[in-house]
Amino acid sequence: LHMGKTMKEDLAVVVKYIKQLYPPEFNVFITYAELYHNYFASQAKKNAESHLEDKDIYLLLSWVHNIYPKDMRKDHVLAEELEKVKLGSLLPSSLSKELEKKYLDSEEATIKNSLSKCLDKEIQRWKEDKEPEKLNGHFQSELLAIFVIQSMYSGQKRAKDISVAVGEELSRRLWKELPAFLKSYKDAFEDFKEKSKKHRHYKPILIANINNCWNFRDYAEKNMAEKDHNKDSILSTLGDIENSVFDVLLQQLFVQLKPIYKKFTENKWDSSNEIMNEIIKTTSKHISDFQTLKDPFYHAIVEKIHARLVKEYIVRLLKRKVSLKTPAQQQNLAQHVSKNAADLEAFCTSNGSQATWLNSALPKLAEIIRLQDLGAIKIEVATLATTYPDIRKRHLEAFLYIKANLSRSELKSILGYLADSTASTLPGAPLFSNINVS
């Protein structure tokens, strides 16, 4: 600092007062500038070659890349004159690179170590079995994400203050480190999830952690390049954590729903409205617990429920338990299915489901049950296959068991039409592909 201040002030005196006392060919400013620079550079080199603490390395690199070339040499009094002088860097390139590597290695190790300690503290908090705090009605366990993101951001900013290149290199290293850290987080969380099911605040802690994922996801989405394979790894790990928590949160609901859905075929669909009301009532109790999830996760879990409710209904229609011979019987069942579909859609939509792609599945199936004209049935089947390209012959064959008045040749004709219409279509929304036909 003393040398820098002296050099800057003395050269300013040369520009203002001394330069004009000499003939131009003496290049007196260049002489002074080179002598000062050479002395400064020799001192910087001497320091660089001695044993330096991490803070000293950072300070020296700041002088080499930032303070010396920008603050001193771009000074408004000196800039014009210094542009005529080829002074070079304070340190030889090889020595500068060596210092940069030491700094980057040290900074990476420090950040890695602090993240590890922070994760240990977070794990300890889970084991205390205290209800997580709420922010805007959502359970939160954000200390981990905030600390990790701030540590990375601060490290990147410090490095960038040395130079853009050093900042980019540290960012590259830290982006490589984040997937490894999140895998450790995932492993620790999975361990807790499996071993702590009897904890009083088990579900709130799970919800707090899934909310935690949003901060990491948002940070990676906004700050990482689209084609960075580390970004894919980060988002994949976060997706694994989120889906594993969804599975746990939904397990109890789906277990409770299974025997209710069986009632549809046991009662030959006669009391289907009452059964659907029971399904909605049971689901509603669980959905209220999920409102402590952040909005993107709340919508995601409601959409998973929506898909499951529609899928389970279709499973019952494909069970070959009901075979109706008359158009009147089929008309009656179609009305039941249409009413159930409308109730289901209204319930899911009112609870925030945005999975509109599910809404036409049951009405289309109801329409196929209702229709009697072979050509009209084929058109409706083709429309169904266009909307849900993963439907297969085995699904349609099991479903058409309901229409007992179709002849074998008519059935074959409809099934053949489906095969033709889906032959070149890749599966889109995965609804039927998740349904096994016995």
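Entry one. I looked up helix H5 (residues 93–127) and H7: their axes come within 10 Å and cross at roughly 20 degrees. Axes here are lines fitted to C-alpha atoms, for helices over the stretch in contact, and angles run from 0 to 180 degrees between N-to-C directions. Helices are DSSP runs (H or I, at least four residues), numbered from the N terminus. H5 and H7 are therefore roughly parallel to each other, a term for angles under 35 degrees. H5 passes H7 in a right-handed crossing, where the near helix is turned clockwise from the far one by less than a right angle.

I noted that this is a predicted model, in which local features need pLDDT of at least 70, side-chain atom pairs count only at pLDDT 80 or more, and totals for chains, interfaces and linings use all residues. Residues are numbered from 1 along each chain as its sequence is written, and side-chain values use heavy atoms, with hydrogens and water left out.

I then listed who touches whom (contact means heavy atoms within 4.5 Å). Among the residues that meet are Tyr-103, Leu-104 and Trp-126 in H5, and Phe-181, Tyr-185 and Phe-192 in H7. The contact of H5 with H7 divides into 15 nonpolar, one polar and eight charged residues. Ala, Val, Leu, Ile, Met, Phe, Trp, Tyr, Cys and Pro count as nonpolar, Asp, Glu, Lys and Arg as charged, and the others, Gly among them, as polar.

Entry two. I moved on to H7 (residues 164–195) and helix H9 (residues 229–266), which pack at an angle of about 15 degrees with their axes 8 Å apart. That angle makes H7 roughly parallel to H9. Their crossing is left-handed, the near helix being turned anticlockwise. Trp-175, Pro-179 and Phe-189 of H7 are among the contact residues, as are Ile-234, Leu-238 and Val-248 of H9. I counted eleven nonpolar, four polar and six charged residues in the contact of H7 with H9.

H9 and helix H11 (residues 295–317) have axes that come within 10 Å and cross at roughly 30 degrees. H9 and H11 are therefore roughly parallel to each other, and their crossing is right-handed. The contact includes Phe-246, Leu-250 and Tyr-261 of H9 with Ile-301, Arg-308 and Tyr-313 of H11.

Into which domains is the chain divided? I found domain 1 (1–91), domain 2 (100–242) and domain 3 (268–418), with bounds from an automatic or database domain assignment. The centres of domain 2 and domain 3, taken over C-alpha atoms, are separated by 42 Å. Twelve residues from domain 2 and eight residues from domain 3 make the contact.

Note on methods: Helices (H or I, at least four residues) and strands (E, at least two) are DSSP runs, numbered from the N terminus. Angles under 35 degrees count as roughly parallel, over 145 as roughly antiparallel, 65 to 115 as roughly perpendicular and the rest as oblique.
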